[in-house]
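This briefing sets out the architecture of one protein chain.

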Amino acid sequence: MVTLESVLSWAKDNNLLVLIEVKELKRPLEMVRRTIRLMHKYDMLDQAMIITFNPLVSTFSKIIEPRALVCQLAETRWTANLVEKGYEYFENPTLLAAFSWILDPFLYFISMFILPFIFGFEFVGPNHADINDSVLRFYRNCGIAMYTWTVNDAQRDDWLRSQGVCTGSDFLFPKIPEHLRPTIGGGPVDVPPTFEL
């Protein structure tokens, strides 16, 4: 079974960088503590970055371990996406959806323009469609790097990378050299699978 611990151990042995996306809504503080404990165990504070849409996760990460690398992801439809995915964490998802018109812009603003500066996040992570020359210039001038997610268009990915933006994709993965491929889970894989703590 693939675990965060096995991936961190493998990444440390192969001197690779790791993005750890914490998606926990019910117990964000506990997940952050467990993740940071493993990052310490494998001496990965400088090789692993916690990425999350949840502002509590990013904030707790910096409070618990100020040296942790953190990227606050941001989505203009955050609450709407939660409701559409049917998260059972909300007693009244209809009420949440009704107020998404005010909650989404508020959470986006907090995630992109308040928390990174208060807590010193190293990265911000807007949707790639929200990145333009002005956004790039603003964050460069502030000394904050950018990571963007689900860039599935090769031309867009090339342009973002040429601007110094780190990108993630559903299927534009760089090929991992054969000698670095893990054999976690019974066979070689190009990208380690999703797993739980």
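The axes of α6 and α7 come within 13 Å of each other and cross at roughly 10°, so α6 is roughly parallel to α7. Axes here are lines fitted to C-alpha atoms, for helices over the stretch in contact, and angles run from 0 to 180 degrees between N-to-C directions. Angles under 35 degrees count as roughly parallel, over 145 as roughly antiparallel, 65 to 115 as roughly perpendicular and the rest as oblique. The model is a predicted one, in which local features need pLDDT of at least 70 and side-chain atom pairs count only at pLDDT 80 or more, whereas totals for chains, interfaces and linings use all residues. Residues are numbered from 1 along each chain as its sequence is written, and side-chain values use heavy atoms, with hydrogens and water left out.

**Overall composition**

- The protein has eight helices and six strands; these are DSSP runs numbered from the N terminus, with helices (H or I) of at least four residues and strands (E) of at least two.
- Read from the N terminus, the order of elements is α-β-α-β-α-β-α-α-α-β-α-β-α-β.
- The protein contains 197 residues, of which 42% count as buried; buried means under 20% relative accessible area, exposed over 50% and partly exposed in between, with a 1.4 Å probe and protein chains only.
- Of the contacts between residues at least 6 apart in sequence, 54% join residues at least 24 apart, where contact means heavy atoms within 4.5 Å.

**Helix packing**

- In the contact of α6 with α7, M112, F113 and F117 of α6 meet F138, Y139 and C142 of α7.
- By class, this α6 and α7 contact has six nonpolar, no polar and no charged residues; Ala, Val, Leu, Ile, Met, Phe, Trp, Tyr, Cys and Pro count as nonpolar, Asp, Glu, Lys and Arg as charged, and the others, Gly among them, as polar.
- Helix α3 (residues 55-64) packs with α6 at an angle of about 5°, the two axes being 11 Å apart, which means that α3 is roughly parallel to α6.
- From α3, the residues P55, T59, K62 and I63 meet L107, S111, L115 and F119 of α6.
- The class make-up of the α3 and α6 contact is five nonpolar, two polar and one charged residues.
- Helix α3 also lies across β2 and β3 (69-73), and runs at about 165° to β3.

**The sheet and its crossovers**

- The six strands form an open sheet in the order β1-β2-β3-β4-β5-β6, with parallel pairing; two strands pair if DSSP finds at least two bridges between them.
- Strands β1 and β6 stand at the edges with a single partner strand each, so one side of each is left without a neighbour in the sheet.
- Strand β4 (residues 123-125) runs parallel to β5 (residues 145-148) and is joined to β5 by two bridges; V124 has M146 as its bridge partner in β5.
- From β4 the chain passes through helix α7 (residues 133-142) to β5 in a right-handed β-α-β crossover; right-handed means that, with the strands pointing away from the viewer, the path from the first strand over the helix to the second runs clockwise.
- Two bridges also pair β5 with β6 (residues 166-167) in the parallel sense, and Y147 stands opposite C166 in β6.
- A right-handed β-α-β unit is made by β5, helix α8 (residues 154-162) and β6.

- M112 belongs to helix α6 (residues 100-119) and is buried, with a relative accessible area of 1%.
- Leaving aside residues up to four places away in sequence, M112 touches A74, F117, V124, P126 and Y139.
- M112 and Q72 are 40 residues apart in sequence, and their C-alpha atoms are 7.4 Å apart in space.

**Loop residues with positive phi**

- N15 lies in the loop between α1 (4-13) and β1 (18-21), and has a positive phi of about 55° although it is not a glycine.
- N15 is exposed, at a relative accessible area of 61%.
- D43 is placed in the loop between α2 (28-41) and β2 (48-52); the phi of D43 is near 50°, a positive value in a residue other than glycine.
- D43 counts as exposed, with 52% relative accessibility.
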